[in-house]
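Work through the exercises below with the model open. Try each task before reading its solution.

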Amino acid sequence: MKTIIQSVKGTRDFYPEDMAIRSWLYSAIKEVSESFGYQEYDGPFIEKIDLYAAKSGEELVKEQAFVFEDRGGGWVTLRPELTPSLARMVAQKQNELTYPLRWWSFGPFWRYERPQKGRTREFFQWNIDLIGASSVEADAELIAVCARFFQHVGLKPSQVRILVNNRRLMDSELQRLGITPAEKAGVFRLIDRREKLTLDEWKAYALELGLTENQFEGIRTILGEPELWKKSPDLVRMFAILDQMGMTEYVSFDPKIIRGLDYYTGTVFEARDMDREGRSILGGGHYDNLVGDVGGDPLPGVGFAMGDVMAGLVLQKYGCLPAFDRCPAQAMVTVFDADLLPTSFEIADSLRKFGIKTLSYPDPVKLQKQFKFADRIGVRFVIIVGPDEAVEKKATVKDLIRHTQATVPQAQVAETIQEFLDNPPIL
RNA sequence: GUGGGUGUAGCUCAACGGCAGAGCGCCACACUGUGGAUGUGGAUGUUGUGGGUUCGAAACCCAUCACCCACCCCA
């Protein structure tokens, strides 16, 4: 067996049918983002390690980033996320930008993790942020963007849902239970893991953290309270806005949503498959300070990120992906023999000038083979110029769908194709 | 980093100690100026790799690599 050099672990090859999906996803993201007035931007794919050292989760940089020394001896990393680059870009022009800033991006990221379902080492991510606004209405806008995206790609509220919570609400609830600020991080982690553990395991984990029986029961009650959001003026206002926009069917309150990242300070949300399959489709939230760590003045904002891998799995599961149009062209000009090669190429190019996607067969092989090729790739019209046609400056146009053909002057090939197109095929 | 599963033809898989196979795909011909359909014929494997057990290994054992799944973390 031939040994083909393997691709790098965790990367994906984008064959035309895969690339079509990626491009389609990009278009959907672009359309939805821009419909809300967001502008596209991007940062470098490699950054100095220092940029991430400042912020980002410890594990993200130390364990998961692709880090290497460049030829000049500097340490660089393939970007594992976009937020630090965004923070720098904003900080660099902090005083010349007009706020609130609405930016979106779709590009590649790399994380050195163990690949599995819904997770690769090289992936694409949609990032979208509203910077310089701190209201819950701003948060509602991002959730609306998310809901509109689901609507746009055909995912229904019965299939995906945006789960929303508010960290300030959780803070006050935990405080009410006598949980100290020092214990908070641990408890957030506890809440985050609720769905992965059985009740007994979860309780054991809670007691291990040093929580009392009462505190544990209190947390359990909070997490099971669907009306808890009514105690948060922020959430009340936010749901009111979403209601006005007609987006509430995509949104649910869920006190179990905490999000791992430390920098979220208010609203947090993530979108999930309704039957709880797989990891979350996207995640985001409100932050108070975007640029402080890279040397700017504090700026609040809200944003989310959606990876293409999990999103692709969900879209495929619910049949939302577009059918792949495998046909690269509408017409193909065959080549009868070497002498007629220039004639065939000339006709092909004349068709292109008429806006007909045309390819020509590159070698004068048996016509049968050329027809078979045309049929396989899905080209509808095949043009033949053999010696008989050539002497009369004619060409034969065959419609592979309708099984008809006509021999016409070479100058009328494009018109003939148009005529065939105007008469719908008999199927 | 931890745990589990799977590696056999281009693809999907069978054979589960006794001659390595099928379906699909591919190629040729019937059909040397016309595709799909049909028929006939044909090609392709160090059974992931290395070692061990055995008269005999694709199968059993060990190692290793790759992929998949879960944990961790997160998109």
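**Exercise 1. Find what share of chain A is buried, then judge its overall dimensions.**

Step 1. Of the 427 residues of chain A, 35% are buried. Buried means 20 or more other C-beta atoms within 10 Å of the residue's own; 12 or fewer means exposed, in between partly exposed, with C-beta atoms placed from the backbone.

Step 2. This is a predicted model: local features need pLDDT of at least 70 and side-chain atom pairs pLDDT 80 or more, while totals for chains, interfaces and linings use all residues. Residues are numbered from 1 along each chain as its sequence is written, and chains are lettered from A and ligands numbered from 1 in the order in which they are written.

Step 3. Chain A has a radius of gyration of 29 Å, whereas a compact globule of 427 residues would be near 22 Å. The radius is taken over C-alpha atoms; the globule rule is 2.2 Å times the number of residues to the power 0.38.

Step 4. Along the principal axes, the C-alpha atoms fill a box of roughly 95 × 55 × 55 Å.

**Exercise 2. Identify the partners of strand 6.**

Step 1. Chain A has 15 helices and 16 strands. These are DSSP runs numbered from the N terminus: helices are H or I, at least four residues; strands are E, at least two.

Step 2. Strand 5 (residues 101–110) pairs antiparallel with strand 6 over 10 bridges. Pairing requires at least two DSSP bridges between the strands. Gly107 bridges to Gln125 in strand 6.

Step 3. Strand 11 (residues 301–307) is also antiparallel to strand 6, joined by seven bridges. Here Trp126 has Met306 as its bridge partner.

Step 4. Check the cover: eight of the 10 residues in strand 6 (residues 122–131) are buried.

**Exercise 3. Locate the largest nonpolar core.**

Step 1. A nonpolar core is a set of buried Ala, Val, Leu, Ile, Met, Phe, Trp, Tyr and Cys residues joined through C-beta atoms within 7 Å. The largest has 75 residues, and Ile143, Cys146, Ala147 and Ile162 have the most contacts inside it.

Step 2. Helix 5 (residues 136–153) gives the largest share, 12 residues.

Step 3. A second, separate core has 22 residues, including Val333 and Ile383.

**Exercise 4. Which strands stand at the edges of the open sheet?**

Step 1. Three strands pair antiparallel in the order 2-4-3.

Step 2. Strand 2 (46–48) and strand 3 (66–69) are the edges; each has a single partner strand, so one side of each lacks a neighbour in the sheet.

Step 3. Three bridges join strand 2 to strand 4 (residues 75–78). Among them, Glu47 partners Thr77.
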